[in-house]
Amino acid sequence: MDHKLIDHLFRHHSGKMVSVLIRIFGFKYLDIIEDAVQDTFIKASINWRTQQPEYPEAWLTQAAKNRVLDIFRKLKTEQKHLPNINLGTDTIALNELFLDTEIEDAQLRMIFTACHPKLDPRDRISFALKTVSGFSIKEISSALLTKEESIKKRLFRARKTIRKADLKFEIPQGKSLPQRLESVMEVLYLIFNEGFHSNQKDKLIRKELCGEALRLAQMLLKNIHTRTPEAYALCALMCFHSARLEAKINTENELLDLRTQDRSTWYFPLIKLGHVMMNKAVETNEFSCYHYEAAIASEHLRACTFNETNWEKIHYWYQCLNKLQPMPSHVLTMAVVCIQMQDFKMAKVYLDDIKQEDFEQRAYLYYGTMADYFTGTHNLKKAITYLNLALKTVHNTLERTYLEKKKTTFLKILKSTK
């Protein structure tokens with residue numbers, strides 16, 4: 001049995017199944033639906049021990065349809081309010097709900113419902129990650145840099161609000177669409193980030209999450225009401241970052257930074273697609289945070305070598321981004337950019353403006369940047385002190401190895417200068 005295949009299919013199809021079943025039964029039965037989908041994958045893991053089906057996705061789709069019938073039987077007391085899907089015409093209608101176009105529509109409805117303004121903003125993101133993309137509580141905790149207990153409470157509150165407010169399973173129209181779309185894009189951005197830079201211990205990149213986020217972002221572009229410049233910019237950003245995924249880790253499973261990445265392994269069809277998206281995105285005079293982040297990613301891709309990187313332009317885009325969306329992570333990255341430009345005075349200004357507490361689970365990034373600052377200002381002892389702090393707080397094995405190699409190099413240099 002291929003456990004990786006089942007994990008992959010669960011990631012890609014659990015959200016689809018939950019969305020379609022919610023469309024049939026409504027949010028009133030969300031708990032039963034999620035249990036049913038979970039059961040379907042447990043059944044798959046058992047049945048596939050002896051023989052894996054020729055078409056796993058089709059098997060799961062059929063299993064989901066069968067679960068619909070199971071749910072109907074389970075809800076006997078509610079039957080008078082539900083259609084009799086054992087009849088021919090209703091069976092046909094049920095099958096149509098599992099067509100690709102209808103699944104996409106159901107997923108869009110699901111994510112827009114999850115991002116309803118009646119839900120607390122933090123609850124919206126957690127709930128959407130759980131229902132649309134099948135994130136576990138632990139993964140949501142990692143993606144949002146929040147404790148698992150807090151995520152459980154958010155999910156509970158979201159379910160309670162959805163039931164109490166009797167929210168409609170629909171894509172909003174008119175004036176309510178822009179705000180909901182903004183929340184939707186934030187969720188997709190978080191899904192992508194968890195894939196591009198995972199906080200898991202043994203895995204830095206999770207390509208399936210990047211692919212899922214990009215698929216959902218492209219889904220927004222297929223709908224005339226959600227096809228906006230911001231959505232195009234978000235899609236462009238994902239394309240630009242995805243193009244570098246293969247270059248982030250070498251054959252020895254070691255993390256490679258931008259300086260050491262083999263740029264010939266960047267996937268240029270995705271870069272080309274990103275530029276097409278970006279051209280659509282800038283058909284406006286108002287730029288979002290996704291516009292600026294895509295511009296930064298594009299600037300890195302333009303450089304044929306690391307030394308040819310236009311750091312001044314990247315610094316400018318980061319200033320624009322931080323003005324629009326002030327965040328400690330943006331200030332930290334501006335410090336990194338200034339270190340690359342050897343403008344240590346400005347880097348210090350940025351570093352003095354933030355502290356390690358701002359980064360919670362990713363505090364090692366702050367310590368690592370401090371180490372780079374002191375390396376650039378020729379204070380290797382201080383640099384090693386901060387590298388030790390980074391090593392105490394880093395969770396990912398690949399990033400730990402990367403930091404340890406850097407520390408070893410610094411110690412050798414320090415020893416040779418004595």
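Thr369 touches Leu332, Ala335, Val336, Ile339 and Leu351, leaving aside residues up to four places away in sequence; contact means heavy atoms within 4.5 Å. This is a predicted model, in which local features need pLDDT of at least 70, side-chain atom pairs count only at pLDDT 80 or more, and totals for chains, interfaces and linings use all residues. Residues are numbered from 1 along each chain as its sequence is written, and side-chain values use heavy atoms, without hydrogens and water.

**Thr369 and its helix**
- Thr369 lies in helix H17. Helices (H or I, at least four residues) are DSSP runs, numbered from the N terminus.
- Thr369 has a relative accessible area of 6%, so Thr369 is buried. Buried means under 20% relative accessible area, exposed over 50%, and partly exposed in between (1.4 Å probe, protein chains only).

**H15 against H17**
- Helix H15 (residues 328–340) packs with helix H17 (residues 363–376) at an angle of about 20 degrees, and their axes are 10 Å apart. That makes H15 roughly parallel to H17.
- Axes are lines fitted to C-alpha atoms, for helices over the stretch in contact, and angles run from 0 to 180 degrees between N-to-C directions. Angles under 35 degrees count as roughly parallel, over 145 as roughly antiparallel, 65 to 115 as roughly perpendicular and the rest as oblique.
- From H15, Leu332, Ala335, Val336 and Ile339 meet Leu365, Tyr366, Thr369, Asp372 and Tyr373 in H17. The residues of this contact divide into seven nonpolar, one polar and one charged. Ala, Val, Leu, Ile, Met, Phe, Trp, Tyr, Cys and Pro count as nonpolar, Asp, Glu, Lys and Arg as charged, and the others, Gly among them, as polar.

**Salt bridges**
- Side chains of opposite charge can pair when their charged atoms come close.
- The count comes to 14 salt bridges (a side-chain nitrogen of Lys or Arg within 4 Å of a carboxyl oxygen of Asp or Glu).
- Lys406 pairs with Asp372, with the closest N and O atoms 2.9 Å apart. Lys406 lies in helix H19 (residues 397–416) and Asp372 in helix H17, so the pair ties together parts 34 residues apart in sequence.
- Lys406 counts as buried at 19% relative accessibility. Asp372 is partly exposed, at 28%.
- Lys222 and Glu104 also form a salt bridge (3.1 Å, N to O). Lys222 is in helix H10 (residues 207–222) and Glu104 in helix H5 (residues 100–114), so this pair links parts 118 residues apart in sequence.

Notes
Helix = DSSP H or I, 4+ residues; strand = E, 2+ residues; numbered from the N terminus.
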